[in-house]
Every structure is written in structure tokens, then in C-alpha cells.
Amino acid sequence: MSSEDYEVIIGLEVHAELSTKTKIFCSCPTTFGAEPNTQVCPVCMAMPGTLPVLNEKVVEYAVKAGLATNCEISRNSKNDRKNYFYPDTPRAYQISQYDKPLCEHGFIEIETSNGKKKIRITRIHIEDDAGKLNHDELGGGSLVDLNRAGVPLIEIVSEPDLRDAEEVEQYLRKLKSILEYIEVSDCKMQEGSYRADVNVSVRKKGDEKLGTRTEMKNMNSFRSITRAIEYEINRQIDVIEDGGKVEQETLRWDDVSGKTFSMRDKEDAQDYRYFPDPDLVAIKLSDEYIENIKNNLPELPESRKQRYLEQYNLSEKDANIITSSKYLSDLFEKAIEVCHNPKAVNNWIISDISRILNETEMDPIEIPFDAHQLGNLVILIDKGTISSSIGKKVLVELFENPREPEEIIKEKGWIQISEEGAIKEVVLKVLEANPQSITDYKNGKDRALGFLVGQAMKETKGKANPQMLNKMFLEELAK
Amino acid sequence: MDITELTVHELQEKLKNKELTIKEITKAYIDKIDEKEKDIQAFVTILSKEAEKEAEELQDKIEKGEIEGDFAGIPIGIKDNICTKGIKTTCSSKMLENFISPYNATVMEKINSENMINLGKLNMDEFAMGGSTEYSYFKKTKNPWNLNKVPGGSSGGSAAAVAANMVPWALGSDTGGSIRQPASFCGVVGLKPTYGLVSRYGLVAFASSLDQIGPITKDVRDSAMLLNIITGHDPKDTTSSDKEKIDYTKCLEKDIKGLKIGVPKEFFGEGINEEVKESLQKAIKVYKELGAEVEEFSLDIAKYALATYYIIACAEASSNLGRFDGIRYGYRPKEYKDLKELYKKSRSEGFGPEVKRRIILGTYVLSSGYYDAYYKKAQQVRTLVMSEFNKGFEKYDVILTPTSPTVAFDIGSKTNNPLEMYLADICTVSVNIAGLPGISIPCGVDKQGMPIGMQLIGNKFREETILNVAYKYEQSTKFREKYRPEFKL
């Protein structure tokens, strides 16, 4: 049998850190990257006698996420304790939600190569993040940093509707963009504020019973997730083809070797002993409360996309790319406000900006320049102050050391040569140096004109106005 | 005059009339602690020096008119599971032998803002698990009425210190009877408030859905006064009630004519000591004479309360005590080869046998496959217990029972029989299960001269009523004038 004979089933548990100012059960700040153990208090360090107080913003954000993913919102919900020992979990239990999550039975729609597909969401619940263990470089052993302990999370569990790595990536991107749009999470994957546990199983086509699944925890880059899933699918099929059985286990994906490894010994099957947290009262939500959040939800990607198709005549593909990220989409709209040239802004985002993001594996939120600077870049090109090829160089500068494009071109001496005398000088010089091209052109080889313009560009280090060059070459060649 | 014989309201009177100074009062208690502690062993931490200094400063401020207040300079003792900033909070456990809390419990903030003087931290059963204070890691507190007897528990240090006049009053905590039962054993007044009336923030949790802090005092008026200080909504404890504060001393003297007292017959059956029963019958007679209507009724569900209690309390404890893992604070062994061994050694060496017993029991009842049969079932029974009590309070203002089936027992007589020890909670646990207020007041002594306690249970947030009913009995029988601890050996 070959891999064609197998069906792959993937379910995801996505963890997104909510961007509330304070932690879920105390008033410590949630700022990322602070000195270890500076964003802590007796409550999030689980000192004896302390009690959690639920941050109402967390509930609000989770309800927003539920509504934006078509979930039903529970009027009656509660917090449960998930008990386990680990040094990053100071209470020795995580406060999560077990049988009464805030949101249930939702779905989102993704675009796949085979068209639109609905991915069902089982549930969304709230819980607290754990701290971090840092390996001590000096003394051996581990150091505990509890800054992250108590940062609010939502866990979004999908039904096993995903069938391959491509669908998983589309789903993760779509979900991420929704969370960004409703402004409940900044979804910075590199900082771990958007990460996924991936459950993979395979079964022979036609089998009714699900195959044994393996889980890969805390994956936080699209590339690793895609690679890990593909590896894991093949591994499982190989195991079965070799007559073996897939073990239910937690795996660790290793990016360097491109393989998965078993993480825990199997005898350690965890019993989390969930029970309702007696320190917290039930979460009761009124219809008005939910209605109010619903009415104040920001515009979601789907509706922005529709608007772009109508308002700016964007192609479906371009609109998809731009609305895939709130940050790109905001950049797009704000840059248009500055330069009033949607087509140009669209082109910049679709081509050069997207390419740089891909090459550098940068998340749109990390784009260092602002919409104003991008808008001004477009204006400079539109006014003819710089050529679009200089524009590309300016964009690279914007990524490396963002400042006003005017400043960049002044500093670099990139202002376009649009003065007729100067252009003529260059044109004549280039013609003199390339008599063969003149002959070619006159013999009907139009390509020769391009060559000559290219030479002139080279001569001026790209600063000559290309339209003027073209025009002047034509004039001279016609003589 | 022995200053330490006085109740707090008597001390207030004498302070007001300038018959006594804060310094004199504090000195008297420090001397008393010096004298009695070697016999009673009530304290884990004694704060004599600090208290003396504080008294001096307070007196100075009062004389200068910088502070005033009814409770400024009144000493108090604190059970050692209530967090006190800068002072050890050990829970009488090796686990927290050297633990100093970085913050104050909400009740301590209230006590401190009244400028009261903390005389020290009082002994208890380890992590409040036990009914005799014999499970303290540090020492066995003795009953002031007879040093061979236990003071009860888990707030045994608090009750014994009040009974022996080493503190004028004290704070205890009650999860299944831990204030009322030692109050009963030591012949003092112990009140467990309605769940949610007093903030639990800073009380080292044993069983979160049952724990309450409450006063242990010499008489009922003091109980009402200390309750006044410690109640109030606390935003740090979401289970604390946001009911408006009331003055519990106001209703003490209200006539109880026509008041309805229910006496559940199940609390007078098998296992209840005959002398205890007789003493309570006499108390019932007193109430009838005071014009109350007393009626027997059935509270059948109560027989399931003990099992329910031990399942819920242990389940919650098994989770609450997880944080004592040797990582951030508390006991940690000198040597361990890996994380697992660090956990194992910290917890098996840091906890005592009763704590371990309950953690294991609680872990078991929450385990997958057993949860439904135990924990879930216990929660269902809990709901039934609540509704049975509710029915009772449709008919009665107060429910009257013994506090404990027996008087204080001999030290060492039950430590090897945990089940028998658990049975001593039979009269008190249902009150915690139902979240109700209950008060224990002395109602007589047995032939050996050991005090007997009567428990009055009220409807939710009806502390006023039980204090009123308790006060009326106290005034007509004058227990404190008739009986004193004799320190028999």
C-alpha cells in the first residue's frame, strides 16, 4: 500500500495569549521580555494563602474570540483545576476549564487548493499560562521565571477536520488573523503567544475507527508545523506498513534533524484530577453582556476582503493575502490614506513586502516601518522623485532602518535625474559606447532599446527617470 | 485583680476609665505567657518583645492623641495558618518551619488597622488537619482544664491560650469544626461564621469551600466584637460576601421569647456521651424558661455529612497542598538526584502522617474512574445537606446540638485510630458542608470537671441570631463565674 491509501486526521489545540494588560488572576503586568521574576506577586507565585480573582477582561476577550469563530457562548461556565507537578506551575495546578468551556460548537472557513472548507471548533476555554524554566548556564540545574505564570490564554480546540499540512497552515493563519482583527491577542509566534499542539493520526481509507494519535506540543512556527506534520504522517504510515502499531504518545519535533522524538515515558500517563476550583465563583453571563460584545466586534477579515474587492477592485487573491493579517490590512488602509494610490500600495504589499516577510520569516506585526512611511514612498514614486527600482531599495532600507523615505533618498543620493540636459548627456554617452545596439535596433530588434535603457540606468546608478530615458532614446534613435 | 481574667469588653471599660493602661495589659499577658507556656504549649511563635515595644509606642501615640480606637492596644493571638507579614507562619508543619509570609492576610490587615497587639502565633494540627492539636510538628498543646487532655483541634493553641488567659482572645480557623470543637473542649466561645462572611485571603488553604476564619473568645460579647472587626467584603477573595457590614453586638440582648429552636434527634443518638446529653437537656430547659419554643425534629441527612466532609475536604486539600513542592519556599531536602526525587523527598519528609493520609485520600477520590463515585457523589450529598438545613430553617430560628460527642479526651488516646478521631467531628462538619454559621458555648462540666460545649447553628448570615441566643444563655447561667480551668495534672 502507499500513502495514497491512507487518510490523515489532524486536530489542533491552539493556545493564544490574550493581550490584556494584567494577568488572569492577579494584577501583575503581562509585558513580555522583562527581567526574570519582576512581573510577579504573591498570587501568581502561589504563596500560601493567596487566592485567584478572575480578570473580567479575559472573559470578555474569550467571548469575543468565540463570537468571531461562530461559537455558542455559555451563559454558565466555571473554572476547573488541572492538577500536576512541574516547577513552572507554582500552584501545582493550572486553572483551566474542563466540562463547561466559555465557547463551544464554532467553525471557521479556510481556503484550500480544493476550494473553501469549513473547520469546526470544538471549544474555546480560558486558562493561565505557566512560567518558564531557564537552564542555568553557570551552576547546572534550572531556574524558574514566573513572569509568564498567570498570563491569560485561550485554548482553541478544533474538531479532527483537517486532512493535511496545507489545511493546517491555512487554518492556523486564518485563526491567527481573526484573533488579530478582534484585538484579543497579538499572536506573536516567535514570542510564543500563538502556539499549537498538533494531534496526528492516520487510518486506511474506508476504516471507520480512528487511528492512534500522537501529539506534538507547543509548535510555534508555520514552517516547523508543516514539516513536522509531513514527517509524522510518513512515520506513522511507515510504522503501519511495517506491521507495527502507532503508540499514543507526546512527541517533540526537532527542527534541526527534521524528526520527531518521544518526550515522556509512557508509564507516566497523566491523571489531571480535574475538579471545579472552589476559590472561584461560577462565571455567569447575561444575554445583554454577550449581545453587547457581539455588537461591538470589529470588522472581521471576511468582510474586509469583500470591501477591498468592491472598493479597491483588488483581485480575490490579493485581497486574501492582504486581509490574512490585520497588520498588513491596516498597513494597506492607512498607507492609502496617505498616498491615495490603492493599486500601488497593493502592489508593494503583494510583491516586495510579502517577499521580504517570507524570506526573513517575519510576521507582519514585526514590520518595522509604519503606514505613513510606506505611503510617502508611493508618493515619491508617483511624483517622479525616485524610480520604482530606487523605490525597492528604499523599501529594503525601511526594513533595515526605518525612517522617512525622503530622508533615505537624500542621505543615499537617490533622487531621480529628471533634468532633460542630464538625461540627454547619459543617453548620448550610452549610444556612443554601444553602436552595435543602434544597428540592432534599426534592424528591428526592439530588445536593444531595453538594453540601452538598462545601460543608462547602470550609468546613473538607477537614478535616471526611466520614462524620460525611454523617450529620449527613441528620439535619438529616430534621428 | 488579675488583668488576664478580664474579657476584652471589660478591658475596654477599664482603659476608658483609665484604670488600666495598654502597657499594663500587655505586660500582664506577657507575664502570663511566661508563666503558663511551659505547661500549656499553646504558641509556635511568641512575640513578647515585639508586643512590649508596640504597647509602648501605642501608649505614647494615644497619650499624644495621635490615635484612638476601641481596640488600640488590645492584645490578640493568631492561629499559625493565618499569614502575618514578617512573622513566621508555619501551619505547625515541618514543611513551613521557617516560612515567613511576604504579605498579610486580609484579617491581619483589619487587626493591624485597629492597632491591636499580636502576642504570637498559636499552635494547631498540621495544616489544620486534626481534632486534637496532637498533629502539630512542633509540640502538643495541653488542655488548661486538665493537662493530660487534648485541647481539641485544629485551633487547639488558640482555644487553650484563651482558656488559660494567655491571650484575651484569638483567631482560629474552622473547616469541619476546628474552632467550635476546641472551644468546647476548653470551655470558651468559638464562632464559625457563614462561608463567605470573612475573607479567606491569607488563610493557608486546607479545604477552600469549607474554610472560615473566626473568633475564639472568653464570652459571647467578645465574640461579636471580634466578628465585627474581621468581616467585610474582600475584593481579593471572590467567595467573600458583599453584604453590608453590621454591628453584631447590637442584637445580643434582644428578648428570645417565642424564638424557635430546633433540636435534631440524630445529634443525640448513639455515640453521644450521656453526660453531654444531660448537660444539653439542661440547656434546653434554660431556653424554655427564657421563653423560647424548643422542638425536636429530624435531620436525617446529617449521618452522611461526615463521609461527605472527608471526601470534599481531602479532595480540595490534595490540590491545595500541591504548592508545597520544595521549589519556591518551604522544606527542601539537602540532597536529591533529580526533580522527581526533590518532589518526593520534600513532601514525604516535610509533611506529617495525617496530612499525607488526607492528601492520599483526596488524590484517590479525584482520580479518574473514582471521581463519580466519590467526589461527584459527595457534592450531590452536599446539596442535599444544604436543602435539609434550609427546610429546618423554614421552621426554626436556631438549631441546637452538642458541639462534640464527648468532652476532651486523653492525649495519645486517639492518635493511632484516625477513624475514631474523625468521628469527633460528627456534630460540627455538617455546618461547614452547608456553609452555615455555628457557635459553641460552654454549657456545663462533666463529673471530671471537663467543660461541655453546646452548638447553636443559624441560617446563612444569621450570626446575629445565634449570638443573641448564645448570649441569653450565657447571661442566665454565668458559666465563667462558676467554673475555671484548674490545671489538673
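Predicted model: local features only at pLDDT ≥ 70, side-chain atom pairs only at ≥ 80, totals over all residues.

I began with burial in chain A: 41% of its 479 residues are buried. For my notes, a residue is buried if 20 or more other C-beta atoms lie within 10 Å of its own, exposed if 12 or fewer, and partly exposed in between, with C-beta atoms placed from the backbone. Residues are numbered from 1 along each chain as its sequence is written, while chains are lettered from A and ligands numbered from 1 in the order in which they are written.

Next, the overall build of chain A. I found 15 helices and 16 strands; these are DSSP runs numbered from the N terminus, helices being H or I of at least four residues and strands E of at least two. The C-alpha trace of chain A spans about 90 × 55 × 55 Å along its principal axes. Of the contacts in chain A between residues at least 6 apart in sequence, 69% join residues at least 24 apart. Two residues are in contact if their C-beta atoms, placed from the backbone, lie within 7 Å.

Then I picked one residue. Trp253(A) sits in strand β13 (residues 250–254) of chain A. Is Trp253(A) buried or exposed? It counts as buried, because it has 22 C-beta neighbours inside 10 Å. Leaving out residues up to four places away in sequence, Trp253(A) touches Met216(A), Met219(A), Ser224(A), Ala228(A) and Thr260(A). I also checked Ile225(A), which is 28 residues from Trp253(A) in sequence and 8.7 Å away in space, C-alpha to C-alpha.

Over to chain B, and its helix α3 (residues 48–63). This helix has 16 residues and reaches 22 Å from its first C-alpha to its last, close to the 22 Å expected at 1.5 Å a residue; the expected span is 1.5 Å times one less than the number of residues. Ala51(B), Glu54(B), Ala55(B) and Leu58(B) are buried in α3(B). Seen down the axis, the buried residues of α3(B) fall within an arc of 105°, so they line one face of the helix. That arc is taken over the directions from the helix axis to the C-beta atoms. The covering of these buried residues includes α2 (22–40), β2 (75–79) and β3 (117–122) of chain B. On the face turned away from the buried side, α3(B) carries the exposed Lys49(B) and Glu63(B).
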